[in-house]
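Here is a set of questions and answers on one structure, meant to be read with the sequence and the model at hand.

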Amino acid sequence: MQLPDVSKLDMGMRSEAMGEGVDAASYGVLEQRVVASDIDKAAEELTHLGYAVVDSGYSSEQIDDIGRMFDAVHGKYVDTYGKDFLMAIDEYNGIRLPLAFDDKLIDLAANRRVLDVVKNQIDNEFVLNQQNGIINPPGEKYNQGAWHRDLPYQHFVSTKPLAINALYCVDDFTSRNGATLVIPASHTQEKYPSDHFIEANATQVTAPAGSFIVLNGMLFHKGGFNDTSIARRAVNHVYTVAFIKQQIDIPSALADRPIQSAELDVLLGYRYRMPRTIDDFLEDRRQRAESASA
Ligand SMILES: O=C(O)CCC(=O)C(=O)O
């Protein structure tokens, strides 16, 4: 029996994975998790570490299109709400619910690979709670550059995830342009960790444009400092169990326009709107009973 000499473990290297070729020999193991697909791999990482990188499956043309769409939507957003106003409320480096400005961003929120991972993590139906365009400006602080959970002000641990984030990388996420930092496994603890723990364990997640950085919604994370001359752009999605209210009422923001698929009806929250009256509640029950018996 050969035990590692702990005095020789380099404590500064804990965030670096051992990588391929690691000797996986073990003893005393009766059960091992089986990973048969990319979804299983992401699920295992999400469960243990709280984060995983998932490829969107988009072509380079599609990735470039999303980049152009992002800039066009930011332009419309600033025209609609005004640069001075957005700057005054620290909202200039973002876009709230960009899909309300361009339907193609609904497709981004409904990316098949991401939805399959979310389905794996959240039992039962889930809704898109929010979609936010994020701009990490060069050489400046911005509103996502401080540690937070995407269910902020919450200090509990749940046995099953209630929220999963998928941060789409519009641009390459590199250490120089401030790729997202995470505190691994912080979704498993109620409290925000100590400064010591953060310094020793914070990990930067670099990923090419077209990837999604998927997080447990309770994992502490933040954007890094962008030390280049070009903004780093992203689109964050938070998917939650349906009983958590959406950040913005998405069906209202889409002016209640009809949605052509049952999956989007659920995802965008049309199936889970808060009934305003008892009559509305009972009518919703009637419709559910009718579709269940159809
Ligand atoms: O900009 C980033 O990398 C992090 C974004 C973020 O923290 C968020 O959208 O919640």
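Q: Is Gly210 buried or exposed?
A: In this predicted model, Gly210 lies in the loop between E6 and E7. A residue counts as buried when 20 or more other C-beta atoms lie within 10 Å of its own. Gly210 has 21 C-beta neighbours inside 10 Å, so it is buried.

Q: Which residues is Gly210 in contact with, leaving aside its neighbours within four places in sequence?
A: Gly210 and Ala234 are 24 residues apart along the chain, and their C-alpha atoms are separated by 9.8 Å. Once neighbours within four places in sequence are set aside, the contacts of Gly210 are Asp55, Ser56, Tyr58, Ile63 and Cys169.

Q: Which residue in E9 stands opposite Cys169?
A: E4 and E9 pair in the antiparallel sense, over 7 bridges. Ala166 has His237 opposite it in E9. For Cys169, the residue opposite in E9 is Ala234.

Q: Over how many bridges do E3 and E9 pair?
A: The two strands run in the antiparallel sense. Phe126 stands opposite Val241 in E9. The pairing of E3 and E9 extends over 10 bridges.

Q: Which strands stand at the edges of the sheet of 6 strands?
A: This sheet is open, its pairing is antiparallel, and its order is E1-E7-E4-E9-E3-E2. Each edge strand has a single partner strand, so one side of each is left without a neighbour in the sheet; the edge strands are E1 (51-55) and E2 (94-96).

Q: By what angle are neighbouring strands of the sheet E1-E7-E4-E9-E3-E2 turned against each other on average?
A: The 6 strands of this open sheet pair in the antiparallel sense.

Q: How many of the 10 residues of E9 are buried?
A: E9 stands between E4 and E3 in the order of the sheet. E9 is largely enclosed by the rest of the structure, because the number of its 10 residues that are buried is 9.

Q: Which helix lies across E1 and E7?
A: E7 covers residues 211-216. The helix runs at about 160° to E1 and spans residues 38-48; it is H1.

Q: Which residues is Phe212 in contact with, leaving aside its neighbours within four places in sequence?
A: Apart from neighbours within four places in sequence, the contacts of Phe212 are Val54, Ser56, Val114, Ala166, Leu167 and Tyr168.

Q: Which element gives the largest share of the shell around the ligand?
A: The residues around the ligand are Asn132, Ile134, Asn136, Gln144, Asp150, Leu167, Thr180, His221, Lys222, Gly223, Ala234 and Asn236. Strands E3 (126-136), E8 (221-222) and E9 (232-241) are the elements that give two or more residues to this shell. The largest share is 3 residues, and it comes from E3.

Q: How many residues of the shell around the ligand are polar?
A: The shell includes 3 nonpolar residues and 2 charged ones. The number of polar residues in the shell is 7.

Q: Is Asp90 buried or exposed?
A: Asp90 is found in the loop between H3 (83-88) and E2. Its phi is near 55°, a positive value in a residue other than glycine. Asp90 has 11, so it is exposed.

Q: What is the phi of Tyr153 near?
A: Tyr153 is placed in the loop between E3 and E4. With 6 C-beta neighbours inside 10 Å, Tyr153 counts as exposed. Its phi is positive, in a residue other than glycine, and is near 65°.

Note on methods: Residues numbered from 1 in each chain as written. Predicted model: local features only at pLDDT ≥ 70, side-chain atom pairs only at ≥ 80, totals over all residues. Near = placed C-beta within 6 Å. Helix = DSSP H or I, 4+ residues; strand = E, 2+ residues; numbered from the N terminus. Nonpolar A, V, L, I, M, F, W, Y, C, P; charged D, E, K, R; others polar. Contact = placed C-beta atoms within 7 Å. Pairing = 2+ DSSP bridges. Axes fitted to C-alpha atoms, helices over the stretch in contact; angles between N-to-C directions. Buried ≥ 20, exposed ≤ 12 C-beta atoms within 10 Å, placed from the backbone.
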